[in-house]
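Hi there,

Here is the structure I promised to pass on.

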Amino acid sequence: MRILLTIFAILFSLAASAQKIETVEGEYTYYAPENVTLEQARRTALTRAQTQAIADAFGTNVTQSDITRIENKDGKSSVDMLSLGGVEVKGEWLETIGEPEYGIRYEGNMLVVTCRVKGKAREIVSSDIDFTARILRNGREAKYESDQFRSGDDLYLLFQSPVSGYLAVYLVDAEDQAFCLLPYRNQYDGIYQVKANQRYLFFDEKSAPAQEKMLVDEYVMTTERSSEHNQIYVIFSPNQFAKATDSSIDEGLPRELHAKDFQRWLAKCRKRDNDMNLRMTPITIEK
């Protein structure tokens, strides 16, 4: 009886601490500024519709996390608001069900995009691991952090975690292809392990440990478009996981898979691993 009671207590504890997953729906109407393209407006409307769905399901915490970037070019200043608002939702998006629905119209000269989306979201009941993941452009120090690239620029990732664990990095491009940037192409076990409190500079052979120099892939950003929007995913967990199944299509490119297959893999990983953390950074590449 004592053993049975102990087992019951453990099961009850696990059930109580499990993170809640729900099917959620959200809708958002985005009024785009003049300098925002249709593709950017669709992305913003989708992100905010997902945020709205999570907020409706799990609530929010009020925060102040607005970021403003001011640029001066040819004597003219431009202001770009990078944040989505002053609230933090108490959940995270896991996967999208079906295809988002968009409504596009113009009110005067203003582009208006409405997005409705359905998906799976998880309530956040524990603190995120506060790791550092900085996307760097043409430099190897934190001061070179940027989300704006030009064709021919070098890409680096500065990473550090307070705990040991496992890391994967993907880039999803405008053609809905997901490229595995880390683990490197010649790391055939499909995992990359990092140590606690150690500073890592990825995609740079000079900075790599001696035993890893022959494995390192270095990346140069390119585009055939006037402007292209990509998304970089930095995935970290203290628990071991392996990268998604992918293929080497072009010797000059990282291993790849379709973005939908990548999203399915990521959703499965996050459902199984409550400790998995994700940072997404949108970047722009100009020709």
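Please keep in mind that this is a predicted model. I have sorted what I found by theme.

I'll begin with a lysine in a loop. The backbone oxygen of Lys206 lies 3.1 Å from a polar atom of the Lys213 side chain. Lys213 itself sits in the loop between strand 15 (200-202) and strand 16 (219-220). Leaving aside residues up to four places away in sequence, Lys213 touches Glu205, Lys206, Ser207 and Ala208. With a relative accessible area of 28%, Lys213 is partly exposed.

Next, the charged pairs. How many salt bridges does the structure hold? The count is 16. One of them joins Arg122 to Glu92, with the closest N and O atoms 2.5 Å apart. Arg122 belongs to strand 8 (residues 110-123) and Glu92 to strand 6 (residues 91-96), so this pair ties together parts that are 30 residues apart in sequence. Are these two residues buried or exposed? Both Arg122 and Glu92 are buried.

Arg134 and Glu145 form another salt bridge, and here the closest N and O atoms are 2.9 Å apart. This pair also links distant parts of the chain: Arg134 is in strand 9 (residues 132-137), while Glu145 is in the loop between strand 9 and strand 10 (148-150), eleven residues away. Arg134 counts as partly exposed because its relative accessibility is 31%, and Glu145 counts as partly exposed at 43%.

Lys243 forms a salt bridge with Asp246, the closest N and O atoms being 2.9 Å apart; both Lys243 and Asp246 are buried. There is also a network of salt bridges that links Glu25, Glu27 and Arg116.

On to the secondary structure. Helix 2 (residues 38-58) has 21 residues. From its first C-alpha to its last, helix 2 reaches 30 Å, close to the 30 Å expected at 1.5 Å a residue. An α-helix has 3.6 residues a turn, so residues three or four places apart point the same way. Just after helix 2, Gly59 takes a positive phi of about 90°.

Strand 7 (residues 101-107) pairs with strand 8 in the antiparallel sense over seven bridges. Within this pairing, Tyr102 stands opposite Cys115 in strand 8. The two strands form a hairpin with two residues between them, and Gly108 in the turn has a positive phi of about 70°.

Finally, the aromatic rings. There are 14 aromatic pairs in the count. For Phe159 and Phe236, the ring centres are 5.7 Å apart and the planes are at 50°, so the pair is tilted. Phe159 lies in strand 11 (residues 154-160) and Phe236 in strand 17 (residues 227-237), which makes this a link between distant parts of the chain, 77 residues apart. Phe159 counts as buried at 1% relative accessibility, and Phe236 counts as buried at 0%.

Tyr200 and Phe202 make a stacked pair, 5.6 Å centre to centre with 5° between the planes. Both Tyr200 and Phe202 are buried. These two also belong to a cluster, in which ring pairs link Tyr184, Tyr192, Tyr200, Phe202, Phe203 and Tyr219.

Terms used. Residues numbered from 1 in each chain as written. Predicted model: local features only at pLDDT ≥ 70, side-chain atom pairs only at ≥ 80, totals over all residues. Heavy atoms only, no water. Helix = DSSP H or I, 4+ residues; strand = E, 2+ residues; numbered from the N terminus. Buried < 20%, exposed > 50% of the residue type's maximum accessible area, 1.4 Å probe, protein only. Contact = heavy atoms within 4.5 Å. Polar contact = N/O pair within 3.5 Å; in protein donor to acceptor, adjacent residues only side chain to side chain. Salt bridge = Lys/Arg side-chain N within 4 Å of Asp/Glu carboxyl O. Expected span 1.5 Å × (residues − 1). Pairing = 2+ DSSP bridges. Phe/Tyr/Trp six-rings, centres within 6.5 Å; stacked < 30°, edge-to-face > 60°.
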